Amino acid sequence: MTPPINADLHSHSTVSDGTLTPEELAGRAKANGVALWALTDHDEIGGQVRAAAAARALGMDYLTGVEISVSFLHQTVHIVGLGFDADNAALINGLRQTRGGREQRAREMAEGLAKVGIHGAFEGALKFAGNRDLISRTHFARFLVESGVCRETYEVFRKYLTEGKPGFVEHRWASLRDAVTWITQAGGMAVIAHPARYKFSANEEFALFTEFKGHGGRGVEVVTGSHTPAEYISYADTAREFGLAASRGSDFHSPNESHTEIGTLPSLAAALTPVWELLAQRIQVASSPSLEVDASAAH
Ligand code: AMP
Ligand code: MN
Ligand code: MN
Ligand code: MN
């Protein structure tokens, strides 16, 4: 039996809220043995050409990627898109609309923080945003760590940036139908990101999966940096129940913050259908099998 390939299909660069450039991330993925990579920045595909070029030059296969913010039953759900055409106009427009309200939201977040004595958070967060359009809670978290309010970003989320806390502002993102449709009509596959992270009841989660499938969604993340080993098992069952392919991705953001290193998660259970099997035609193949082969060919 051939060993499972090391696919990491969820990660973030400086194009959204990661701290490494697409090229740095490609190098880190390669160093950790990744054979098939996707950069999945939030609501933005501006890093795709760079990521694909860097991956292929290092001998990794590449799938285009994005992570779209969706509002569903008053919660934010993330839908990962894989293997789409990155020059698709409807997808590009849809993502532009989705990004649109972030600056206003960030100003309101800063007002909420000012009320509890934390001043200058908008400007502070902006300093950390490589891409102003994508200013996110992660950038606020980095500012609050830098200014000594909290020791680490997880603490900032818990105390300041989640529902009911001073810096939280409810936001209207894309609809589930739109996000799935943008990805699918651009030739890609829509995948429910880190399902265990949402605080849905069993009925609400059933509604999410059912509507997602109804719109044409085909995959779910099973092995992700956001899941526990028990959740790898329970969402493998969910994938089978709903007839969805399974994905694997670290959700790596930063060497300093991320608990899960890129390319180091366990493999998907053999009984699952990996998303990359269904996306075989959409993979951008490495320019050379590996750098080592290139180096030896030069002698
Ligand atoms: P936003 O899109 O501005 O709402 O920011 C969401 C991002 O914040 C996610 O993609 C994660 O990178 C990060 N995030 C969300 N919740 C947490 C948490 N509890 N701890 C650390 N980072 C988080
Ligand atoms: Mn993020
Ligand atoms: Mn996410
Ligand atoms: Mn993510």
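How many nonpolar, polar and charged residues does the shell around ligand 1 have? Keep that in mind as you click around; the model on your screen is a predicted one.

**Stop one: ligand 1.** Select ligand 1, and you'll find it in the largest pocket. Now show the residues around it: Asp17, His42, Arg102, Arg105, Ser136, Arg137, Thr138, Tyr154, Phe157 and His253. Sort them by class and you have your answer: 2 nonpolar, 4 polar and 4 charged.

**Stop two: the polar contacts.** Go to arginine 105, where a polar side-chain atom is 2.7 Å from an oxygen atom of ligand 1. Next, pick histidine 42: an N or O atom of its side chain lies 2.8 Å from an oxygen of the ligand. Then try threonine 138, with a polar side-chain atom 3.2 Å from a ligand 1 oxygen.

**Stop three: the helices.** Switch to cartoon view and color helix H4 (102-115), helix H6 (137-146) and helix H7 (153-161). Each of these helices gives at least two residues to the shell around ligand 1.

**Stop four: the manganese ion (ligand 4).** Select ligand 4, then its protein donors: His10 (NE2), His12 (NE2), Glu67 (OE) and Asp251 (OD), which sit 2.1 to 2.2 Å from the ion. Along the chain, the donors have the spacing H-x1-H-x54-E-x183-D. Glutamate 67 is in strand S4 (residues 65-72), while aspartate 251 is in the loop between strand S8 (245-249) and helix H11 (275-278), so this pair ties together parts 184 residues apart in sequence.

Notes: Residues numbered from 1 in each chain as written. Chains lettered and ligands numbered in written order. Predicted model: local features only at pLDDT ≥ 70, side-chain atom pairs only at ≥ 80, totals over all residues. Heavy atoms only, no water. Near = heavy atom within 4 Å. Polar contact = N/O pair within 3.5 Å; in protein donor to acceptor, adjacent residues only side chain to side chain. 1 Å grid on protein atoms, 1.4 Å probe; cavity = no way out; pocket = protein on both sides within 12 Å on 5 of 7 lines; lining within 4 Å. Sits in = over half its atoms within 2 Å of the grid points. Helix = DSSP H or I, 4+ residues; strand = E, 2+ residues; numbered from the N terminus. Nonpolar A, V, L, I, M, F, W, Y, C, P; charged D, E, K, R; others polar. Donors = N, O, S within 2.8 Å, 3.2 Å for Na, K, Ca; no water.
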